[in-house]
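Let's take a walk through this protein together.

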Amino acid sequence: MSLAAIAVVSRRSGKPLYMRSFVESSDLLFGQYGQNETVGADFFGDILVEESLAQKSSEWSCEEKYEFMLHAASDRLDEMKWKKPGAVGADACWVGLLCSMDSFNAYGYVTTNANYVVIVEDGIAPDNVQLQKSRDVELKTLISYIHRAYTESLLNPFSDINAKITSERFTTSVKSLVAGFNQI
C-alpha cells in the first residue's frame, strides 16, 4: 500500500487548494501515447500537447491520471453525508472509502474549512477486515497531521484561505508525512 496522490479542496468555493502526486507512472490512456511527435499535436491533431502539458504542470504537481481520480473522488465526497452522530475528534472528520478505481482506492476526510482526498494504491484484499481497519487508522492519522500542517499555514496573516496553497513549509511537511507513510 502506498499513497499515490492527495488533494486539499476548499469547502467554501469547491476549488482545489493543493494537489500533488507522489508516484511516477505512465499509462497508455493518460500518457502521451499515440501523439504525432513530428507535429506535436495530440492523437486527433487539434491541440499542441507540449503547450497543454506545460500549462498543467505549472498549475499542479500532479499527474493527469491522479488529478482525474482526485476530482472524481472529491465529487463523490460532496454527494455523501459525512457527519457521524456521536463521533468526536478525528473520527468525526473521517469519511473513509469514497470509491475504487482500478487498483486504487480514494479516501476522504472533511473539516470545517477543507476536504481532504487521498488516493492509495491498494494491495489489500477486501475480505481482510483486520488489515483494512489498521490501514484506515493509519490514513486517518496521516490526514489529521496534514490538516494540522494546513491549519498552521493558514496562521500566516498573508495567506488567503481560498487561494492555492503555496507555502513551502506545508509542501515540505506533506512530502515528509507521505514519505513516512509510504515506508510503512
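Strand 4 is covered on both faces: Phe-104, Ala-106, Gly-108 and Val-110 are buried on one side, and Asn-105, Tyr-107 and Tyr-109 are buried on the other. Buried here means under 20% relative accessible area, with exposed being over 50% and partly exposed in between, using a 1.4 Å probe and protein chains only. In a regular strand, side chains alternate between the two faces of the sheet.

A quick word on what you're looking at. This is a predicted model, where local features need pLDDT of at least 70 and side-chain atom pairs count only at pLDDT 80 or more, while totals for chains, interfaces and linings use all residues. Residues are numbered from 1 along each chain as its sequence is written, and side-chain values use heavy atoms, leaving out hydrogens and water.

So who are the neighbors of strand 4? One is strand 3 (residues 94–101), which runs antiparallel to strand 4 and is joined to it by 6 bridges. Two strands pair if DSSP finds at least two bridges between them. Met-101 has Phe-104 of strand 4 as its bridge partner. The hairpin of strand 3 and strand 4 has 2 residues between the strands, and Asp-102 takes a positive phi near 55 degrees there. Strand 5 (residues 114–121) also pairs with strand 4, in the antiparallel sense, over 7 bridges. Here Ala-106 stands opposite Ile-119, and a hairpin of 3 residues makes the link from strand 4 to strand 5.

Now zoom out. The protein has 5 helices and 5 strands, in the order β-β-α-α-α-β-β-β-α-α along the sequence. Helices (H or I, at least four residues) and strands (E, at least two) are DSSP runs, numbered from the N terminus. Of the 184 residues, 41% count as buried.

Finally, look at the end of the chain pattern, α-α. Helix 4 (residues 129–154) and helix 5 (residues 168–183) pack at about 170 degrees, with axes 9 Å apart. That makes the two helices roughly antiparallel, a label for angles over 145 degrees. Axes are lines fitted to C-alpha atoms, for helices over the stretch in contact, and angles run from 0 to 180 degrees between N-to-C directions. Among the residues that meet are Leu-142 and Tyr-145 in helix 4, and Leu-177 and Phe-181 in helix 5; contact means heavy atoms within 4.5 Å.

How values were computed. Parallel < 35°, antiparallel > 145°, perpendicular 65-115°, else oblique.
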